[in-house]
Amino acid sequence: MSNQPQIHLKVRNLSKNFGGLQAVNNVSFEINGPELIGLIGPNGAGKTTLTNLLDGALNPSAGTIYFNGKRIDGNKPYQVAQVGLGRTFQVTRAFRRMTVLENMLVPGMALRTTANRKQVEQKAWEVLEFLTFEHLAHDYARSLSGGQQKLLELGRLLMLDPSIIILDEPFSGVHPKLMEKIYEYITTVNAQGKAFIIISHDMDTIFTLSKRLWVLNFGELIADGDPEVVRHDPAVVEAYLGEEEEAEEGVDVLDVYHLVEERAEEEGEA
Ligand SMILES: Nc1ncnc2c1ncn2[C@@H]1O[C@H](COP(=O)(O)OP(=O)(O)OP(=O)(O)O)[C@@H](O)[C@H]1O
Ligand SMILES: [Mg+2]
């Protein structure tokens, strides 16, 4: 009936240790269809490591990953991208000495082995138009603002037509105006049938945006569900309060987060 790609990611008992450190600990989940998932957790919880396992940048210490029935753990990132899973980086990785357009062509040419340069270029202009980025096509990537570089990364990713898109901190250091745009692009592309996993410390945005929320703490997936339920989960509140603290009745994780944020701001001013 529809020409939407099939999306089924099945992760079972995924773990990664670095020496004695268990960065990802026995994580299992499934993604079915174009879900919009937020991934939160305190600093060092293992969010980026989990992403590195999913996209093949790291090999798991244990566990399996199946994408549409095909086992992909142990595959290289370009192979994982070919089956339809792509990600952006917490620290952007554009080619600084290339123009925006050239940056867009690279992933397209690397993966679309059958497409010719003209088709890749046409696709690049389509993506640039979608991101209202055409006016910057011939600017060098190094001249872009931090937020624009995040957009360029999203554009490079869209060149590959992934069916699952992982964004690692797409809003950090981004001007509020541009943030709104990125937010809009995510919801549009999601409505076109692509699944998203969005990692962010911007709790307000993540709670508004996501339809399903994952919480990692010390490498463990301590919650997976409706954001409105997860926000009241005592284990999640405690993860954000810190180890020895106990959650009080009625306090939710957004309250806690805002208090900590306010204090950090006051300390910054003092
Ligand atoms: N290549 C590595 N070698 C050794 N330890 C690592 C490596 N990568 C990550 N770690 C450690 O694994 C843990 C999880 O790190 P990770 O970067 O996945 O956390 P995160 O949730 O993305 O944190 P943040 O919110 O700060 O980005 C941390 O203790 C980190 O120091
Ligand atoms: Mg990270």
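This is a predicted model: local features need pLDDT of at least 70, side-chain atom pairs count only at pLDDT 80 or more; totals for chains, interfaces and linings use all residues.
1. Let's start with the surroundings of ligand 1. The residues around it are F18, L21, A23, G41, N43, G44, A45, G46, K47, T48, T49 and Q90. Two elements, β2 (21–32) and α1 (47–54), each give two or more residues to this shell. Helix α1 makes the largest contribution, with three residues.

2. Sorted by class, the residues around ligand 1 are seven polar, four nonpolar and one charged.

3. Next comes helix α4, which runs over residues 117–130.

4. Which residues of α4 are buried? They are A124, V127 and L128. These residues sit on the same side of α4, because they cover an arc of only 100° around the axis. The other side of the helix carries the exposed residues K118, Q119, E126 and E129.

5. If you follow the chain just past α4, have a look at T132, which takes a positive phi of about 40°.

6. Helix α5 covers residues 146–158, 13 residues in total. From first C-alpha to last it reaches 19 Å, close to the 18 Å expected at 1.5 Å a residue.

7. Why is α5 described as largely enclosed by the rest of the structure? Because twelve of its 13 residues are buried. Among them are charged side chains such as K150, E153 and R156, along with L151, L152 and L154.

Conventions
Residues are numbered from 1 along each chain as its sequence is written. Chains are lettered from A and ligands numbered from 1 in the order in which they are written. Helices (H or I, at least four residues) and strands (E, at least two) are DSSP runs, numbered from the N terminus. The expected span of a helix is 1.5 Å times one less than its number of residues. A residue is buried if 20 or more other C-beta atoms lie within 10 Å of its own, exposed if 12 or fewer, and partly exposed in between; C-beta atoms are placed from the backbone. The arc is that of the directions from the helix axis to the C-beta atoms. A residue is near a molecule or strand if its C-beta atom, placed from the backbone, lies within 6 Å of it.
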